[in-house]
Amino acid sequence: MIPFVDLKAQYRSIKDEVDAAVLGVIERCEFTLGSEVAAFEKEFAAYCQVEHGIGVNTGTSALHLALLAAGVGAGDEVITVPFTFVATVSAIDYTGAKPVFVDIDPKTFTMDPNALEAAITDKTKAIIPVHLYGQTADMDPILEIARKHGLVVIEDACQAHGAEYKGRRAGSMGDMGCFSFYPGKNLGAYGEGGMVTTNSPEFTKTIRMLRDWGAEKKYQHVLKGFNFRLEGIQGAVLRVKLKYLEAWTEARRTAAAHYDRLLAGSGVPTPYVRPDVRHVYHIYAVRTQHRQTWQDALLAQGIQSGIHYPTPVHLLPAFADLGYRAGQFPHAEKAASEVLSLPMFPELTQAQCEQVAQAVRALAAPAEQAVDAAAVSAA
Ligand SMILES: *Cc1c(COP(=O)(O)O)cnc(C)c1O
């Protein structure tokens, strides 16, 4: 059996350190926020090349509070992409603002900067590019358009811990960056977690208040806030794991390089990587028009796979009220119908990559022959 992700293998490799860190929090009874969270905020901010990190309970809350800190609310519009996890769009919805979509670049699966300007209206307040699968969006043109129109840029970096764009870290390029520490993410808590990264002391102050009931000091509630605090145990676990993140990221990149090499010449489209980025391979997705067949066949051979994501957000029933129709974002819709995520985690071995790639190649071969036969008969 080759799992899609293997959290147990990673725990085994750091068990003693994690166990001691968790017990320490319990012994000190620092269950929410506290010294481990404060230290982790500093360390993760430094890792992201920013001044400030504000720990929160989930990546969704990070996005929600970043939007509120930017002053986004009812009557405003926020531009993002439909090919993302639903949370990006839900966070916009929570503020009362209207999510507005632009299509993705079909090669990178991230926001197409060329489609951005046409979506801007006098109600637009912010833009959320999503660094999907661990590859940053094309940030320079996005930031330039945002500057021209006076818009706030919030990076959805929930899949992109340590990713880089022209040498700049994910979460350091926009006004704010939002990270998730959901267990399956590249840096995962042993529970839920999230963080906002920023260089702005003002946004930092506002988000620190909003995550803890809008309080400036205890019982002095100056804003209508939330209980979005990061737990002490998660801070302690994340501090241990952060030390290994670079090594784990390199292991993911090595596994991706194995897949690229082993699938070359098979006709299977492998991930396109921009030359100016460091891709951190939260997801390694190939494309196929026979996805269900492939997924079933792989599972029959003991290989798990995933789909990120089968329905673009503009076509989800939950967001029918936005009034979008099929056909409006063709690149997002095509990607959603074709992507198939192969097993990807730092402990994945070369032998496992070989087994997966061999199975995928075998699935691709008959389809290609069918295409060749069709071409011959058409000629
Ligand atoms: C995981 C994820 C989120 C939400 O993070 P949670 O911690 O699960 O709330 C938001 N956006 C993207 C792109 C994600 O992958």
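Mentor: Before we look around, helices here are DSSP runs of H or I with at least four residues and strands are E runs with at least two, numbered from the N terminus. The model is predicted, so local features need pLDDT of at least 70 and side-chain atom pairs count only at pLDDT 80 or more, while totals for chains, interfaces and linings use all residues. Residues are numbered from 1 along each chain as its sequence is written, and side-chain values use heavy atoms, leaving out hydrogens and water.

Trainee: Switching to charges, how many salt bridges does the structure hold?

Mentor: The structure holds 23 salt bridges, each being a side-chain nitrogen of Lys or Arg within 4 Å of a carboxyl oxygen of Asp or Glu. Among them, Arg-239 pairs with Glu-43, with their closest N and O atoms 2.7 Å apart.

Trainee: Where in the chain are those two partners?

Mentor: They belong to distant parts of the chain, Arg-239 in helix α8 (residues 232-242) and Glu-43 in helix α2 (residues 35-47), 196 residues apart. Arg-239 is partly exposed, with a relative accessible area of 27%, and Glu-43 is also partly exposed, at 30%.

Trainee: And what does Lys-148 pair with?

Mentor: Lys-148 meets Glu-117 in a salt bridge of 2.6 Å, N to O. Lys-148 lies in helix α6 (residues 139-149) and Glu-117 in the loop between α5 (113-116) and β4 (124-127), so the pair ties together parts that are 31 residues apart in sequence. Lys-148 is exposed, at 62% relative accessible area, whereas Glu-117 is partly exposed, at 32%.

Trainee: New topic: which domains are there, and how many residues of each are in contact?

Mentor: The domain assignment (bounds from an automatic or database source) gives domain 1 as 7-102 + 111-242 and domain 2 as 245-378. Between them, 38 residues of domain 1 are in contact with 32 residues of domain 2, where contact means heavy atoms within 4.5 Å.

Trainee: How many salt bridges are counted between the domains?

Mentor: The count between domain 1 and domain 2 is two salt bridges. Separately, it is worth looking at Glu-246 and Arg-169, whose side chains meet in a salt bridge of 3.8 Å, N to O.

Notes. Buried < 20%, exposed > 50% of the residue type's maximum accessible area, 1.4 Å probe, protein only.
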